[in-house]
Amino acid sequence: MTPRTITVLGATGSVGSSTLDLIERTPDAFQVKALTAHRDVAGLAAAAIRTNAELAVIADPDQEPALATALAGTGIAHAAGADAVRDAAGLGADWTMAAIVGCAGLVPVMAAIEAGKTVALANKEALVSAGDLMIRATTRTGATLLPVDSEHNAIFQCLAGSRIERVRRILLTASGGPFRTATIDRMRAVTPAEAVCHPNWSMGAKISIDSATMMNKGLELIEADHLFPIGSERIEIVVHPQSVIHSMVEYIDGSTLAQMGTPDMRTPIAHALAWPDRMDGPSAPLDFTTLGRLDFEAPDPERFPALRLAREAAVAGGGRPAILNAANEIAVAAFLASRIGFLDIARIVATVLDRYDPPAPATIDDVLSIDRQARRIADEVMKDMAA
Ligand code: NAD
Ligand code: MG
């Protein structure tokens with residue numbers, strides 16, 4: 001069998017490394033075309049050497065000399081800069097993992113979609129910001145978009161090719177994050193170190209904070225609304241602290257299908273990597289005898305206002321989700337840098353949404369300009385708050 005060509009965007013991150021872990025277990029099946037990263041030259045070079053990649057690209061142009069040194073004598077080609085990341089994404093690998101974090105991944109994802117092959121999507125912020133345009137481009141180019149986010153991968157598996165008109169409800173499960181049972185006073189005082197500790201999943205810093213504010217579930221609601229168009233009012237969020245059921249689909253005949261597994265991203269990634277087939281995966285199997293119980297509860301809209309903000313953005317559409325996402329990215333970075341408090345994150349997002357209401361984006365450039373403007377306004381809002 002000829003090996004499938006693979007590109008991993010965001011190869012040094014949590015999802016990127018899990019993807020490479022799977023690929024390295026069956027090296028004969030895959031040929032790595034390109035790996036990209038932001039600034040981690042050592043991590044990128046090591047991954048490229050390990051996987052015998054053809055090309056390694058670092059987004060930060062200042063790191064080009066360091067990458068050249070790290071790859072000297074290996075025969076692996078290298079490049080640097082955001083345009084080089086986009087070009088690597090557009091090389092047309094059979095399968096591309098989109099695992100850059102944030103709207104920074106939008107242009108590369110679009111380049112991968114334009115190539116018309118299979119794109120495994122972890123980078124939810126890109127879909128949230130430019131959902132309509134991205135789905136339209138996928139249809140036009142004939143690309144296959146496979147959801148990697150564990151909930152969306154679960155929904156995709158539960159749909160199993162059924163007609164979307166036969167779905168009554170989608171139940172998007174949420175762990176509730178580290179502050180599921182915390183009081184609002186406790187939440188006001190949490191530190192970045194406390195907020196990044198997720199009870200069930202090990203993930204990058206940004207998504208870990210999003211899980212703590214539940215903005216992650218809000219972004220996932222918008223993500224699901226684009227991937228599975230049944231109307232956002234029929235997508236419900238259910239808190240399920242054990243993270244064993246990764247989401248459910250309820251059909252019009254009353255059947256509800258759930259996808260289950262231990263919380264390990266290598267399961268949904270393996271699903272997307274082998275689809276429509278299956279492959280061996282390293283995740284620990286579920287042990288139902290020690291599992292004990294599965295709990296479910298409604299999310300608390302008072303302590304987690306991000307859920308309402310995201311739902312409103314999903315319903316309004318247009319540029320609202322891109323503003324929500326951009327303001328959140330700025331606020332999360334400020335929280336991680338200890339410049340604002342935990343509860344300020346949603347407050348900043350709400351204020352930016354109040355202050356800015358541009359016309360709906362018609363192009364990716366429009367989305368990028370809304371993203372930039374929302375970031376500027378978020379910075380202003382933070383200055384006002386500090387004054
Ligand atoms: P991470 O922070 O661990 O890794 C991010 C990757 O993107 C790194 O390789 C980094 O070098 C690269 N990157 C960051 N900024 C960049 C830029 N400006 N230009 C180019 N590359 C850049 O993040 P992660 O946790 O792996 O998450 C990646 C994406 O997958 C996010 O959109 C996240 O929401 C989504 N996701 C992650 C998980 C998880 O378990 N970690 C689960 C579901 C979805
Ligand atoms: Mg998820």
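Guide: Let's start with a term: two residues are in contact if their C-beta atoms, placed from the backbone, lie within 7 Å. This is a predicted model, where local features need pLDDT of at least 70, side-chain atom pairs count only at pLDDT 80 or more, and totals for chains, interfaces and linings use all residues. Residues are numbered from 1 along each chain as its sequence is written, with chains lettered from A and ligands numbered from 1 in the order in which they are written.

Visitor: Which residues does R234 touch, not counting residues up to four places away in sequence?

Guide: R234 touches R169 and I170. You'll find R234 in the loop between α11 and β9 (235-239); helices (H or I, at least four residues) and strands (E, at least two) are DSSP runs, numbered from the N terminus.

Visitor: Why does R234 count as partly exposed?

Guide: A residue is buried if 20 or more other C-beta atoms lie within 10 Å of its own, exposed if 12 or fewer, and partly exposed in between. R234 has 13 C-beta neighbours inside 10 Å, so it counts as partly exposed.

Visitor: And why is T144 called partly exposed?

Guide: Because T144 has 16 other C-beta atoms within 10 Å. T144 is found in strand β7 (residues 144-147). T144 and W95 are 49 residues apart in sequence and, C-alpha to C-alpha, 9.4 Å apart in space.

Visitor: How do you know that the span of α1 is close to the expected one?

Guide: The expected span of a helix is 1.5 Å times one less than its number of residues. Helix α1 (residues 14-25) has 12 residues and an expected 16 Å, and from first C-alpha to last it reaches 17 Å. Its buried residues include V15, G16 and L20.

Visitor: Why are α7 and α11 called roughly parallel?

Guide: Axes are lines fitted to C-alpha atoms, for helices over the stretch in contact, and angles run from 0 to 180 degrees between N-to-C directions. Helix α7 (residues 150-159) and helix α11 (residues 215-227) pack at about 30°, with axes 10 Å apart. Angles under 35 degrees count as roughly parallel, over 145 as roughly antiparallel, 65 to 115 as roughly perpendicular and the rest as oblique. So α7 is roughly parallel to α11. The contact is made by E151, H152 and I155 of α7 and E220, E223, A224 and L227 of α11.
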